[in-house]
Amino acid sequence: MKNMIKVLVVALTTLSFSALGFAQAKPATPATPATPAAPAEKKTETKSEKAKTLRVTGELTSVDAKAGTFAVKGNDKEVKLAADSKSAKDALEKVKVGDMVRVSYTEKDGKMIATSVKAEAKKATEKKSDMTEKKPATK
């Protein structure tokens, strides 16, 4: 009788472990394959919708501080921009035509929107030409 109980316990234990193995197996095909793909496509669309921040450094060719518009002539072309933020509009009041500026901007709905306007120091060669050489006074 003891041998019969041992065989029965071993058989039930074996069956219980094999049943756990079947319970852990995942189905071969997912129930809704289209659902996970849709959010991934939305994520890529939002990344493409984010505007890249571009920069231009050049001479300020026109400024309208009240309207918040200005133009900067860079190395290869002139860029017409509009200031959107309060800090950019404040910076426009401090600069004048002919100043060197560095502008960070984004393109939004076909318009160039300035996010940052900073005045640049003139190049060393321009400073030298502006300064006149003074000779020491002789007695």
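**Notes on the fold and its surface**

1. The cover over the buried residues of α3 includes β1, β2, β3 and β5. Helices (H or I, at least four residues) and strands (E, at least two) are DSSP runs, numbered from the N terminus. Buried stands for under 20% relative accessible area, exposed for over 50%, and partly exposed for what lies in between (1.4 Å probe, protein chains only).

2. A word on the source: this is a predicted model, in which local features need pLDDT of at least 70 and side-chain atom pairs count only at pLDDT 80 or more, while totals for chains, interfaces and linings use all residues. Residues are numbered from 1 along each chain as its sequence is written, and side-chain values use heavy atoms, with hydrogens and water left out.

3. Back to helix α3, residues 86-94, where Ala88, Ala91 and Leu92 are buried. These residues lie on the same side of α3 because they cover an arc of only 105 degrees around the axis, the arc being that of the directions from the helix axis to the C-beta atoms. Lys86, Glu93 and Lys94, on the other side of α3, are exposed.

4. For the overall layout, the chain has 4 helices and 5 strands. Along the sequence they follow the pattern α-α-β-β-β-α-β-β-α. Of the 139 residues in the chain, 17% are buried. The accessible surface comes to about 12000 Å², and carbon and sulfur atoms hold 57% of that surface; accessible areas come from the Shrake-Rupley method with a 1.4 Å probe, and for residues only the protein chains shown count as cover. Among contacts with a separation of 6 or more, 49% are between residues 24 or more positions apart, where contact means heavy atoms within 4.5 Å.

5. How do β1 and β2 run relative to each other, parallel or antiparallel? Strand β1 (residues 54-64) and strand β2 (residues 69-73) run antiparallel and are joined by 5 bridges; two strands pair if DSSP finds at least two bridges between them. Ser62 stands opposite Ala71 in β2. The hairpin of β1 and β2 has 4 residues between the strands, and there Gly68 takes a positive phi near 80 degrees.

6. Next in the sheet, β2 pairs with β3 in the antiparallel sense over 5 bridges. Here Val72 is opposite Val79 in β3, and a hairpin of 4 residues joins β2 to β3.

7. The pairing of β3 (residues 78-83) with β5 (residues 111-119) is parallel, over 2 bridges. Ala83 stands opposite Ala114 in β5.

8. Strand β4 (residues 100-108) pairs with β5 in the antiparallel sense over 8 bridges. Val101 has Ala119 of β5 as its bridge partner. Between these strands the hairpin has 2 residues, and Asp109 takes a positive phi near 55 degrees.

9. How many salt bridges does a search of the whole structure find? The search finds 2, with a salt bridge defined as a side-chain nitrogen of Lys or Arg within 4 Å of a carboxyl oxygen of Asp or Glu. Lys86 pairs with Asp90, their closest N and O atoms being 3.7 Å apart. Both residues lie in helix α3, 4 residues apart, about one turn of the helix. An α-helix has 3.6 residues a turn, so residues three or four places apart point the same way. Lys86 is exposed at 63% relative accessible area, whereas Asp90 is partly exposed at 31%.

10. Glu120 forms a salt bridge with Arg102, and the closest N and O atoms are 3.1 Å apart. This pair links distant parts of the chain, 18 residues apart: Glu120 is in the loop between β5 and α4 (124-130), and Arg102 is in strand β4. Glu120 is partly exposed, with a relative accessible area of 29%, and Arg102 is also partly exposed, at 40%.

11. Finally, please look at the nonpolar surface patch of Met1, Ile5 and Val9, with about 350 Å² of accessible area together. Patches are made of residues with over 30% relative accessible area and no salt bridge, like charges being joined within 9 Å and nonpolar side chains (Val, Leu, Ile, Met, Phe, Trp, Tyr) within 5 Å. Ile5 belongs to helix α1 (residues 2-24) and is partly exposed, at 48% relative accessibility.
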